[in-house]
Amino acid sequence: MSNYAGDITPQEAWDILTTNPDSRLVDVRTDAEWRFVGVPDTSSTGSEPLFVEWVSYPDGERNYQFVAQLKEQGIEPGTDAPIIFLCRSGQRSIGAAVAATDAGIGPSYNVLEGFEGATNEDGHRGWQGWRKAGLPWRQG
């Protein structure tokens, strides 16, 4: 497996997005997650997040058009613009960051903890991640 630029915290992702106007956030969760859980709100950075599923819902099949869909949304190889990938818990976005890096896109980063984090001992999410860090978000 190839490498990617690395894992960053939600706050580090926000810091890149607010200080580098060329950076982009790509949410790789499913359409259902965007609609029912919420999405990052990066409107104050002058750039809305991009939404490209890494896997499809409900079957969980990998989206083999992922890189092509990134390109359709203006993410091109060779620009050196930071691309930050976010999923629910920071797992799917690793694969997305690797695929983007393999395609020459990036530097590509993975957001640790994702949008709502891993499950806790009670099986609940939301105790870590983008939302828990107090970063802007809105209901999808």
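Helices (H or I, at least four residues) and strands (E, at least two) are DSSP runs, numbered from the N terminus.

Arg35 is partly exposed, with a relative accessible area of 44%, and Asp31, at 33% relative accessibility, counts as partly exposed as well. Here buried means under 20% relative accessible area, exposed means over 50%, and partly exposed lies in between (1.4 Å probe, protein chains only).

Residues are numbered from 1 along each chain as its sequence is written. Because the model is predicted, local features need pLDDT of at least 70 and side-chain atom pairs count only at pLDDT 80 or more, while totals for chains, interfaces and linings use all residues, and side-chain values use heavy atoms, with hydrogens and water left out.

A search of the whole structure finds 6 salt bridges. One of them joins Glu48 and Arg138, whose closest N and O atoms are 3.5 Å apart. This pair links distant parts of the chain, since Glu48 is in the loop between strand E3 (39–40) and E4, whereas Arg138 is in strand E7, 90 residues apart. Glu48 counts as partly exposed at 37% relative accessibility, and Arg138 counts as partly exposed at 34%.

Another salt bridge forms where the side chains of Glu116 and Arg131 meet, at 3.9 Å from N to O. Glu116 and Arg131 are both in the loop between E6 and E7, 15 residues apart. Glu116 counts as buried at 10% relative accessibility, whereas Arg131 counts as partly exposed at 27%. Salt bridges that share partners also join Asp41, Glu48 and Arg138 into one network.

## Aromatic pairs

The structure holds 5 aromatic pairs. Rings of Phe, Tyr and Trp (its six-membered ring) pair if their centres lie within 6.5 Å, and planes under 30 degrees apart count as stacked, over 60 as edge-to-face and the rest as tilted. The rings of Trp14 and Trp130 have their centres 6.0 Å apart and their planes at 80°, so this pair is edge-to-face. It links distant parts of the chain, with Trp14 in helix H1 (residues 10–19) and Trp130 in the loop between strand E6 (108–111) and strand E7 (137–138), 116 residues apart. Both Trp14 and Trp130 are buried.

Trp54 and Phe66 form an edge-to-face pair too, at 4.9 Å centre to centre and with 85° between the planes. Trp54 is in the loop between strand E4 (50–51) and helix H3 (66–72), and Phe66 is in helix H3, 12 residues apart. Both Trp54 and Phe66 are buried, and together with Phe85 they form one aromatic cluster.

## Charges over rings

The charged end of Arg29 sits over the ring of Phe115, 4.3 Å from its centre, where the term requires NZ of Lys or CZ of Arg within 6 Å of the ring centre and within 35 degrees of the ring normal. Arg131, a partner in the salt bridge with Glu116, lies over the face of Trp137, at 4.7 Å from the ring centre.

Definitions and conventions. Salt bridge = Lys/Arg side-chain N within 4 Å of Asp/Glu carboxyl O.
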